[in-house]
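Please walk me through this structure.

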Protein chains: 2
Amino acid sequence: MAAHAAALAGVPPQASAPGGDDVVDLTQTHPFYGDAQQAGISTEPQRHSMFMTFDLTTAKVGDLQVLLALWSSAIAQMMQGATIGQVEPKQPSAVGFDTGEALNLGPASLTVTIGLGPKVFSDIYGLSHQMPPLLRELKQLPSDQLDPALTGGDLSVQACADDPQVAYHAVRDLARIAKSTGSAQTRWTVMGFGRASAGRGQSTPRNLLGFKDGTRNLKEDAEFEQFVWVKDGPAWQRYGSYQVVRKIQMHIENWDTDRASDQNNVFGRHKVSGAPLTGTKEFDTPDFKKVDATGNPVILPTAHIALAAFENNKGIRILRRSYNYTDGLNQFGQLDAGLFFMSYQNDPAHFEMLQTKLGASDALNEYIAHIGSGIFFAPPAPKEGNYIAQEMFS
Amino acid sequence: MAAHAAALAGVPPQASAPGGDDVVDLTQTHPFYGDAQQAGISTEPQRHSMFMTFDLTTAKVGDLQVLLALWSSAIAQMMQGATIGQVEPKQPSAVGFDTGEALNLGPASLTVTIGLGPKVFSDIYGLSHQMPPLLRELKQLPSDQLDPALTGGDLSVQACADDPQVAYHAVRDLARIAKSTGSAQTRWTVMGFGRASAGRGQSTPRNLLGFKDGTRNLKEDAEFEQFVWVKDGPAWQRYGSYQVVRKIQMHIENWDTDRASDQNNVFGRHKVSGAPLTGTKEFDTPDFKKVDATGNPVILPTAHIALAAFENNKGIRILRRSYNYTDGLNQFGQLDAGLFFMSYQNDPAHFEMLQTKLGASDALNEYIAHIGSGIFFAPPAPKEGNYIAQEMFS
């Protein structure tokens, strides 16, 4: 047996080539208040995420205001690495205390981004006149296998941080505050590990299919201005964005039995380098018209990058801000994992257009299933001392 | 509403006081091969863990040898930050390739620790004469609420790393190798985030009840020699250790409604400082005999630290190496989270003795449930070029 083991050890390993992400500084902070967008959208993706949606359980608009005010105050403090209030209060307090598990951990670049679902703008709360013009439920999309228990919600909370305990603590305490008000209850949640999208200056990370994800993601300010931020409508909507989330299960055990050459064709890229099949380097522009010696396209028309490319979608681009997730093992003992896809765009129809094509034709569909979904409007950041979406109520 | 938000923001936050764990260097490695214990036991706990158990599905001892040899070879390479083999092999390969998602991430202090369950030493494999003398199923313990689906296993894999994707990748590829051999299948798994035990030189982290966990954990070599390592029996068992794992669900929403003073009494410590109720600093020695002005003990006899303290348990100590976990939301919409407890000791009866007391009397039992369990013998590290437990077969 020693010979067997030695022989295997002799397979030349692909040495890893660590990029610029080798040192993580957990003392960094982002501001919550501002004059434009909320943090957590154009912010360079942190290493961990905790996402949760809530159903409103109150019919009073004032309750919604109080909840958003309490959340805003708590988020502002947590993003600075402070606790929400005392960890050992002398008197019991329903709201102004902190569960304590992030104490001593540092801010870890925490951002908490709040989204408003369609029901917020229903007649119940007298806010129908404030409805962001493009907010609505997503239409039924090809290949949808949505589980109602992983779909929808009236409010969304996206916490991202370079320490998962900091992200978990933030959502846990916001859920606790929501419960204490009686105004909202938890609906569904996903914890993400390992960012699967790159921001400006970041190396491109890999999803659990082993491929680099987000090579052509939006990174430049001009791209955010064009594709992400809402620029018109009432002031409280400007520099908001439409948030679409999808829990995408990946059948990674099946994927792992597929040959690398097939996997490359499914994506249209080389697995190791991330280069398009028509190029040699990750950031080479894919040539969707290139054919091989037999006249066949080098990047198949059903390849993931061919269907998703802006060149083939009227120039449309969306910001992806995804994370890998695992749910452990499924009932068959197979690894249950996937991608928690989050995107931001100034029109949810842009996501729908892309997913309509991908859901119908993507070679990847054999290996993935969209099992959860949500759509929200992420309003701009509150001004100092205000709470999120405060102007919406006036 | 602005006034309300401003008032809350005015609650003086408990400023976080980051310790020495603010910068994470992902280029660090630990050796897999060695002359004594496996890595991942006395190694300072990394920030993330992925634990999985497997059931053996073969009756041939040679298959078990091959599996342990393949795993050993793969682990040795991954712990150096290398892939197991090629990520884009020209020819399909069942074993000597890598799924790729940890490429470019760096080794991140990865350790993978293998444990052998009781069935390994059954007559099936002709290994009953090699049975570690103290290995057996744990006895039924007070308050056990074990779910068979989260209990047991013939092999355990504990991967710990400072990057969760590195830990996940390791277990995923070992599961893939196991499946390809047909010799073992997955049984249960827990992903941990945020170490909940301290090693030498590390600050004490917090569990999801917000309390520092592991203040009195083993840290010194002499303590490991006395309480952790097996020192007798055949050579292949020396510097092995008995691994006990428990998935402990915490009812954190109930906990959060309890007053801090009650919580402090449940643990016998102050939540913020971690000091025993009889002291003022975290590492002050608890005085279990101290009484207050009315003659009542300051640390209640049912407090967690009173029941667990070595002073009250014939001097017995065990090494804890736990992680926080979350399973999202339960069917009632409550936060489903807890502690993935792992301990190492040179006699599993030591764990049983402590848990017998804790399970019967611990004030904490109102808030926790032991739902998963496993026991394994973690053999020593293999010598260079050997595979784990190789000498056991000779």
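**Where the chains meet**

In this predicted model, 91 residues of chain B are in contact with 92 residues of chain A; contact means heavy atoms within 4.5 Å. The model's local features need pLDDT of at least 70, side-chain atom pairs count only at pLDDT 80 or more, and totals for chains, interfaces and linings use all residues. Residues are numbered from 1 along each chain as its sequence is written, chains are lettered from A and ligands numbered from 1 in the order in which they are written, and side-chain values use heavy atoms, with hydrogens and water left out.

Chains B and A bury about 7400 Å² between them, 61% of it on carbon and sulfur atoms. Buried area is the accessible area (1.4 Å probe) that two parts lose on being put together, summed over both. Six salt bridges cross this interface. A salt bridge puts a side-chain nitrogen of Lys or Arg within 4 Å of a carboxyl oxygen of Asp or Glu. Asp256(B) forms one with Arg172(A), with the closest N and O atoms 2.9 Å apart.

Now take helix 8 of chain B, residues 348–361. Helices (H or I, at least four residues) and strands (E, at least two) are DSSP runs, numbered from the N terminus. Asp347(B) caps the N-terminal end of helix 8: a side-chain oxygen lies 2.9 Å from the backbone nitrogen of Ala349(B).

Methods:
The expected span of a helix is 1.5 Å times one less than its number of residues. A polar contact is a pair of N or O atoms within 3.5 Å; within protein, one must be able to donate a hydrogen and the other to accept it, and residues adjacent in sequence count only if both atoms are side-chain atoms.
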